[in-house]
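I opened my notebook to go through one structure, topic by topic. These are my entries on what I looked up.

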Amino acid sequence: MPERIPFDGDNEAVIDRLDAEIVALTFVDNAGITRVKTVPMRRLGQAARYGVGVSPCFETFAFDDLMAVGKYLGGPDGDLRLIPDLSALTELACQPGWAWAPTNKYTQDGTPFVACQRGFAARQDEAARRAGIRLSMAFETEWSVGTDDPPDFIPAVHGPAYSMLRLGQVADYARELVAILDRQGILVDQFHPEYAPGQLELSVQPADPVGAADDAVLVRHTIRQVSLKHGWRALLAPCLDPDGTGSGAHLHFSAQDADGPLFATGDGPYGMRRTGEAFLAGVLRELPALVAVGAGNPASFLRLVPSRWAGTWQCWGRETREAALRFITGVCGTEEWAANAEVKCFDATGNPYLIVGSVIAAGLAGIAEELRLPAEINGDPVTFDAEQLMISGVRRLPTGPAEAAVRLADSRVLAEAMGPELHDALLTVRRAEAERYRDSSPEELVALTRWRF
């Protein structure tokens, strides 16, 4: 039965246990597109040792496959090596005969590539561990299922939002999807029909930051494959209808140190310890720049509309779904293991490795500077008058891709964490997308991005 392959440091032993014929080796580019090279099983050992070639031009590919050229990266020159991480090697129950492994990028001389997105996430996780902090993370996944009848998307699920009526229409699909994810080593915590047309949602058990990003890649691929098997297509793009709600990819995270959880057992807001509060204050401060990382596609801003629970405001609150940073304590008695934070403004156009790494970098900066959270908000800030907004300090997050790119360019924290090559490559992509589609209508943006993620 397909499963995630145990890794014991012996590549040959791992490969010998692999019951597959061909392996997909993936990386996610700065536009959020998962790119792939494949090798037959007999070539996996050599690929794990020497890598598979890939052009560095992908670092400045936009979501539309058009390449921009940045200060450091882009253009036709050079080559990189994709090295599969066999500790994450997984047989694909959703795609029989295949296996999957995420990759790290190296240069031809065997050194880690400075702009590797997965490497960035690992470096930030290691920085947190050096500071004595261990993070657990997980992405929620929202998507819509239906059929494509250009220029329209025909939802496969109808009826009231969150209803048993909707669930009945996808019961077999949901059962199969959850079972296949389990066989691939990803345990689903919750599945339910959602609000938008044809929309569903699932959440999975948390993992370390790099593992959470790996899981996001695999969950999305599995959703697409199981949907195809049922005669549907899965739409993970941020907007289905400019006049309706969209699909996000919210990030949940918790943290602990040698003394226990950072978001409980303390004397700060809702039991946060000082270190935990400082981490969240750092994330809150960097939210405008984080939008460019995790929701910087032009279509993302069709979803980031107030009063749709998309997290469009730079503020925080306990169980406040209009705030971009939502704090969740858990029910009474579970705080020590259940307390976590959620960043709501992200969607599937964001590279999950860049997201987890950037959130960690922002949080660690908050700890280093001993930041404190402002007062929390309640309700919907769109109803606040000018005085309330001024007193609360609540601000709208960027409302378009060009503005988001400016905020990323101005972020000292993310620039230092990413390094000049990765920071500039991401900016190059976001700026190119913003300029290219500056005059596109909402309907055109929906059509352009519908099947890209």
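**Entry: the nonpolar cores**

I began with the largest nonpolar core of this predicted model. I found 108 residues in the core. Trp-143, Tyr-173 and Phe-253 touch the most other members. Next I looked up which element gives the most to this core, and I got helix 7, residues 274-294, with 11 residues. Then I turned to the domains. Domain 1 (19-113) and domain 2 (124-450) both supply residues, so the core lies between them. My background note: in soluble globular proteins, nonpolar side chains tend to be buried together.

Which residues make the nonpolar surface patch of about 380 Å²? I listed Tyr-162, Tyr-195 and Trp-309. I followed up on Tyr-162. I placed Tyr-162 in the loop between strand 8 (152-155) and helix 4 (164-169). Its relative accessibility is 44%. Exposed would need over 50% and buried under 20%, so Tyr-162 counts as partly exposed.

Is strand 6, residues 98-106, enclosed or open? Seven of its nine residues are buried, so strand 6 is largely enclosed by the rest of the structure. I then went through its pairings.

- Strand 1 (residues 22-28) pairs with strand 6 in the parallel sense, over five bridges. Here I saw Thr-26 opposite Pro-102.
- Strand 4 (residues 80-84) runs antiparallel to strand 6, and four bridges join them. Ile-83 has Asn-104 as its bridge partner.
- Strand 5 (residues 90-91) is also antiparallel to strand 6, with two bridges. Glu-91 has Ala-99 as its bridge partner.

Strands 5 and 6 form a hairpin, with six residues between them. In the turn, Gly-97 has a positive phi of about 90 degrees.

I kept the general rule in mind: most residues other than glycine have a negative phi. I noted two residues with a positive value. Thr-265 has a phi of about 70 degrees. I placed Thr-265 in the loop between strand 13 (260-261) and helix 7. Glu-319 has a phi near 55 degrees. Glu-319 sits in the loop between strand 14 (313-318) and strand 15 (323-328). At 33% relative accessibility, Glu-319 counts as partly exposed.

**Entry: salt bridges**

How many salt bridges does a search of the whole structure find? I wrote down 22.

Arg-175 and Asp-172 meet at 3.4 Å, N to O. They are three residues apart in helix 5 (residues 171-183), which means about one helical turn separates them. Arg-175 is exposed, at 56% relative accessible area.

Arg-326 and Glu-342 meet at 2.6 Å, N to O. Arg-326 lies in strand 15 and Glu-342 in strand 16 (residues 340-343), so the pair ties together parts 16 residues apart in sequence. Both residues, Arg-326 and Glu-342, are buried.

Glu-433 and Arg-430 meet at 3.1 Å, N to O. Being three residues apart in helix 14 (residues 420-436), Glu-433 and Arg-430 are separated by about one helical turn. Glu-433 and Arg-430 are buried.

I ended with a network of salt bridges. It links Arg-285, Glu-286, Glu-369, Arg-412 and Glu-416.

Notes. Residues are numbered from 1 along each chain as its sequence is written. This is a predicted model: local features need pLDDT of at least 70, side-chain atom pairs count only at pLDDT 80 or more; totals for chains, interfaces and linings use all residues. Side-chain values use heavy atoms; hydrogens and water are left out. A nonpolar core is a set of buried Ala, Val, Leu, Ile, Met, Phe, Trp, Tyr and Cys residues joined through side-chain atoms within 4.5 Å. Buried means under 20% relative accessible area, exposed over 50%, partly exposed in between (1.4 Å probe, protein chains only). Domain bounds come from an automatic or database domain assignment. Patches are made of residues with over 30% relative accessible area and no salt bridge: like charges are joined within 9 Å, nonpolar side chains (Val, Leu, Ile, Met, Phe, Trp, Tyr) within 5 Å. Accessible areas come from the Shrake-Rupley method with a 1.4 Å probe; for residues, only the protein chains shown count as cover. A salt bridge is a side-chain nitrogen of Lys or Arg within 4 Å of a carboxyl oxygen of Asp or Glu. Two strands pair if DSSP finds at least two bridges between them.
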